[in-house]
Amino acid sequence: MPSFDVVSEVDWQEVRNAVDQANKEIGNRFDFKGSDARIEIAEKALTLFADDEFKLKQVSDVLTGKLAKRSVDVRSLKVAD
């Protein structure tokens with residue numbers, strides 16, 4: 001009888017690359033000029049910073065887009081305050 005194992009593990013190198021790309025895009029975008037919007041990665045946690053809720057949503061959208069392009073499943077993210 002055939003069997004298979006399911007392994008769900010995030011490729012952290014791809015996550016780091018996506019965060020770097022997202023930070024670069026945020027730094028270059030006109031709507032983020034003069035703001036403190038950024039993404040930090042520490043251990044296995046991503047922290048998003050922005051001046052207000054609207055910009056925070058935009059930072060989140062940029063990050064999820066970069067993660068999706070790098071084949072990182074965005075369902076692996078757990079959103080917290």
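Guide: A pocket is an open set of grid points with protein on both sides within 12 Å along at least five of seven lines. This model is predicted. The largest pocket has a volume of about 570 Å³.

Visitor: Which residues lie nearest the centre of the largest pocket?

Guide: Leu 46, Leu 48, Leu 77, Lys 78 and Val 79 do. The lining holds 21 residues. Elements giving two or more of them are α1 (12-28), β2 (45-49) and α2. The largest share, 5 residues, comes from α2.

Visitor: How do the lining residues divide into nonpolar, polar and charged?

Guide: There are 14 nonpolar, 4 polar and 3 charged residues in the lining of the largest pocket. Leu and Val count as nonpolar, and Lys counts as charged.

Visitor: Why is Gln 58 called buried?

Guide: Buried means under 20% relative accessible area. Gln 58 has 16% relative accessibility, so it counts as buried. Gln 58 lies in helix α2, residues 53-69. Beyond residues up to four places away in sequence, Gln 58 touches Arg 29, Asp 31 and Phe 32.

Visitor: What makes Ser 35 count as buried?

Guide: The cut-off is again under 20%. Ser 35 is at 17% relative accessibility, so Ser 35 counts as buried. Its place is in the loop between α1 and β1.

Visitor: What does the side chain of Ser 35 reach?

Guide: The side chain of Ser 35 reaches the backbone oxygen of Phe 32 at 2.8 Å. A polar contact needs N or O atoms within 3.5 Å. Leaving aside neighbours within four places in sequence, Ser 35 is also in contact with Asp 51 and Lys 55.

Visitor: What makes β1 and β2 a pair of strands?

Guide: Pairing takes at least two bridges. Here 5 bridges join β1, residues 38-42, to β2. The two strands run antiparallel. The hairpin has 2 residues between the strands.

Visitor: Why is Glu 43 called exposed?

Guide: Exposed means over 50% relative accessible area. Glu 43 has 80%, so Glu 43 is exposed. Glu 43 sits in the loop between β1 and β2. Its phi is positive, about 55°, although Glu 43 is not a glycine. Most residues other than glycine have a negative phi.

Visitor: Where is Ser 71, and how do you know that Ser 71 counts as exposed?

Guide: Ser 71 is found in the segment after α2. Its relative accessibility is 70%, so Ser 71 counts as exposed by the cut-off of over 50%. Ser 71 has a positive phi of about 60° and is not a glycine.

Notes: Residues numbered from 1 in each chain as written. Heavy atoms only, no water. Helix = DSSP H or I, 4+ residues; strand = E, 2+ residues; numbered from the N terminus. Buried < 20%, exposed > 50% of the residue type's maximum accessible area, 1.4 Å probe, protein only. Contact = heavy atoms within 4.5 Å. 1 Å grid on protein atoms, 1.4 Å probe; cavity = no way out; pocket = protein on both sides within 12 Å on 5 of 7 lines; lining within 4 Å. Points joined across faces, edges and corners; volume = space filled by probe spheres on them. Polar contact = N/O pair within 3.5 Å; in protein donor to acceptor, adjacent residues only side chain to side chain.
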